[in-house]
Amino acid sequence: MTMRWEAFLDQVKERGEYETTEEAERATRTVLALLGAHLVGDVRAELAARLPENMALILLNPLQAHEPLSPERFVRATAAWIEGATEQTAAWDVGAVLSVAADAAGEELTSRVLLQLPAGYDLLFGHPQRV
């Protein structure tokens, strides 16, 4: 079942401890646009189908990536796109958004998403992989 826009943002706002919904929305839009550039095929389409429509469109029309970003570079890229962000605040933003996206996706789809990403993204999604 697809999560509603307001419910998704409310969860991001709570996890990110944002003062306003606008802050949560800014982080969500940035993180999903960057994530969309790293996912392909059915996995990206299935994740989009579990997100609110506005967020699905962001994921399906991503920023352009020339190469897969390591988790550290993903956080740095997020910081670069969010005005006033530092790497520390961007890491917080990424964790808040991706953990809510993982909840919306469910365990099986989140595992398939993580297979498309460089090692270390499991921590950003709040789903540490057992080795």
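**Entry 1: S99**

I began with S99 and looked up its contacts, a contact being heavy atoms within 4.5 Å. Leaving aside its neighbours within four places in sequence, S99 is in contact with R15, L124 and F125. I placed S99 in helix α6; helices (H or I, at least four residues) and strands (E, at least two) are DSSP runs, numbered from the N terminus. S99 counts as buried because its relative accessibility is 12%. For this I took buried as under 20% relative accessible area, exposed as over 50%, and partly exposed as in between, with a 1.4 Å probe and protein chains only.

**Entry 2: basis of the values**

I note that this is a predicted model, in which local features need pLDDT of at least 70 and side-chain atom pairs count only at pLDDT 80 or more, while totals for chains, interfaces and linings use all residues. Residues are numbered from 1 along each chain as its sequence is written, and side-chain values use heavy atoms, with hydrogens and water left out.

**Entry 3: the chain as a whole**

I found eight helices and zero strands in the chain. Read along the sequence, the pattern is α-α-α-α-α-α-α-α. The radius of gyration is 13 Å, close to the 14 Å that the globule rule gives for 131 residues, so the chain is as compact as a globular protein of that length. This radius is taken over C-alpha atoms, and the rule is 2.2 Å times the number of residues to the power 0.38. The C-alpha trace spans about 35 × 30 × 30 Å along its principal axes.

I then looked up burial and found that 45% of the 131 residues count as buried. Among contacts between residues at least 6 apart in sequence, 67% join residues at least 24 apart. The accessible surface comes to about 7,200 Å², and 52% of it belongs to carbon and sulfur atoms; the areas come from the Shrake-Rupley method with a 1.4 Å probe.

For charge, I recorded 11 positive and 20 negative side chains, with the centres of the two sets 3 Å apart. Lys and Arg count as positive and Asp and Glu as negative; His and the chain ends are not counted. The place of a charge is taken as NZ of Lys, CZ of Arg, CG of Asp or CD of Glu.

**Entry 4: F8 and T28**

I turned to F8, which lies in helix α1. F8 is buried, since its relative accessible area is 0%. Not counting residues up to four places away in sequence, F8 touches M3, T28, L51, P52, M55, V97, V100 and A101. F8 and V100 are 92 residues apart along the chain, yet their C-alpha atoms are separated by 7.0 Å.

T28 counts as buried at 1% relative accessibility. With residues up to four places away in sequence again not counted, T28 touches F8, L9, V12, M55 and V97.

I listed V43, L47 and A48 as the buried residues of helix α3 (residues 41-49). They cover an arc of only 130 degrees around the axis, which puts them on the same side of α3. The arc is that of the directions from the helix axis to the C-beta atoms. The buried residues of α3 pack against α2 (21-36), α4 (53-60), α6 (87-105) and α7 (107-115).

E46 is also in helix α3. I recorded E46 as partly exposed because its relative accessibility is 27%. Leaving aside neighbours within four places in sequence, E46 is in contact with L109 and R112. E46 and A105 are 59 residues apart in sequence and 8.2 Å apart in space, C-alpha to C-alpha.

**Entry 5: helix α7**

I found L109, T110, V113 and L114 buried in α7. Their arc around the axis is only 140 degrees, which puts them on the same side of α7. An α-helix has 3.6 residues a turn, so residues three or four places apart point the same way. E107 and L115 are exposed, on the other side of α7. The buried residues of α7 pack against α3, α6 and α8 (121-124).

**Entry 6: E17**

Which residue has a positive phi although it is not a glycine? I found E17, with a phi of about 55 degrees. Most residues other than glycine have a negative phi. E17 is found in the loop between α1 (5-16) and α2, and E17 is exposed, with a relative accessible area of 62%.
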